[in-house]
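The following report describes selected structural features of a single protein chain. The sequence and the structure are shown first.

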Amino acid sequence: MYKIHNVLSNNDRKKFIKDVKPFLRQLEDVNNTFYPGKQTPANLHKHPMFASLMNSIIDKIRKEIKLDLEICRSWVLWSNGREDQSLWHHHYVYEDVSFSSVYYLKTFPFFSNGTVFRGGFVKAPQNSLILFPSHLEHSAPTSPLRFDRYTLAMDLNIRT
C-alpha cells in the first residue's frame, strides 16, 4: 500500500470540490448494487472540465511510485459518516484493474480520517491519497458526528 501526501494545491482541491458538486447524485439500485452516499458517474477523468486536474493527480502517483499507471474509472463520493453510507466492497470485479486509490479531498478536521480495510484502519489526512491492490475489501469509516466527506476513487492499471 502506498500513501501520497500533498496531492493538489489547496486552491485546486477546493475548486475541484466546488466544480464536482453538480455531478453528485444518489445512484439508484442497478443490478442489485447499493451505492452509498452521493456519487458522480465513474468516467470523471474523461470529462473535459476535470481532465487537467486528473492528469495532475495521475502524474503525481506515477512520480511517487514509479509505475506507469492509467485511470480506468474515476468518481467522487460524498458521504457524511452515517452507517447506511458505508459499504464493504472491492474493485477486483473489473479485469482491467490492478490498483484502486482513494484521494481525500475533504475530511473532518481532528478526526481519524482514512479508509477501513478488513485488516484494519488506514489513516490518511485531507489532501492525501492511498493506493492499494484492487482486491482489498474496504469501506468508508462511520462516525456519530455528521460531516461532509469528499473522496475521489480511481481504478488504475499498468499502462501497456
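Which residue in E6 is the bridge partner of Gly114? In this predicted model, the bridge partner of Gly114 in E6 is Lys123.

The pairing of Gly114 with Lys123 belongs to an open sheet of 3 strands, arranged in the order E6-E5-E8 with antiparallel pairing. The edge strands are E6 (120-123) and E8 (138-139), each of which pairs on one side only. E5 and E6 are paired in the antiparallel sense over 4 bridges, and a hairpin of 2 residues joins E5 to E6.

Strand E5 comprises residues 114-117 and is joined to E8 by 2 bridges, the two strands running antiparallel. Within this pairing, Val116 has Ser139 in E8 as its bridge partner.

Arg118 and Glu137 form a salt bridge in which the closest N and O atoms are 3.0 Å apart. This pair links distant parts of the chain: Arg118 is in the loop between E5 and E6, while Glu137 is in the loop between E7 and E8, 19 residues apart. Arg118 is exposed, with a relative accessible area of 54%, and Glu137 counts as partly exposed at 29% relative accessibility.

Helix H1 spans residues 10-20, and its buried residues are Arg13, Phe16, Ile17, Asp19 and Val20.

Lys15 and Asp19 both belong to helix H1 and are 4 residues apart, about one turn of the helix.

Is Ser74 buried or exposed? Ser74 is buried, because its relative accessible area is 0%.

Leaving aside neighbours within four places in sequence, Ser74 is in contact with Pro41, Ala42, Asn43, Leu44 and His45, as well as with Met54, Leu152, Ala153 and Met154.

The structure holds 3 aromatic pairs. One of them is formed by Phe23 and Phe50 in an edge-to-face arrangement, with 5.4 Å centre to centre and 75° between the planes. The pair links distant parts of the chain, since Phe23 lies in the loop between H1 and strand E2 (38-39) and Phe50 lies in the loop between E2 and H2, 27 residues apart.

How many salt bridges does the structure hold? The structure holds 6 salt bridges. One of them joins Arg62 to Asp59, with the closest N and O atoms 3.0 Å apart. Both residues lie in helix H2, 3 residues apart, about one turn of the helix. Asp59 counts as partly exposed, because its relative accessibility is 42%.

Asp59 and Arg62 are also members of a network of salt bridges that links them with Asp68 and Arg159.

## Residues with positive phi

Most residues other than glycine have a negative phi. Lys66, which is not a glycine, has a positive phi of about 65°. Lys66 is placed in the loop between H2 and E3 and is exposed, with a relative accessible area of 67%.

Asn127, likewise not a glycine, has a positive phi of about 70°. Asn127 lies in the loop between E6 and strand E7 (129-133). Asn127 is buried, because its relative accessible area is 11%.

Technical notes. Residues are numbered from 1 along each chain as its sequence is written. This is a predicted model: local features need pLDDT of at least 70, side-chain atom pairs count only at pLDDT 80 or more; totals for chains, interfaces and linings use all residues. Side-chain values use heavy atoms; hydrogens and water are left out. Buried means under 20% relative accessible area, exposed over 50%, partly exposed in between (1.4 Å probe, protein chains only). Two strands pair if DSSP finds at least two bridges between them. Contact means heavy atoms within 4.5 Å. Rings of Phe, Tyr and Trp (its six-membered ring) pair if their centres lie within 6.5 Å; planes under 30 degrees apart count as stacked, over 60 as edge-to-face and the rest as tilted. A salt bridge is a side-chain nitrogen of Lys or Arg within 4 Å of a carboxyl oxygen of Asp or Glu.
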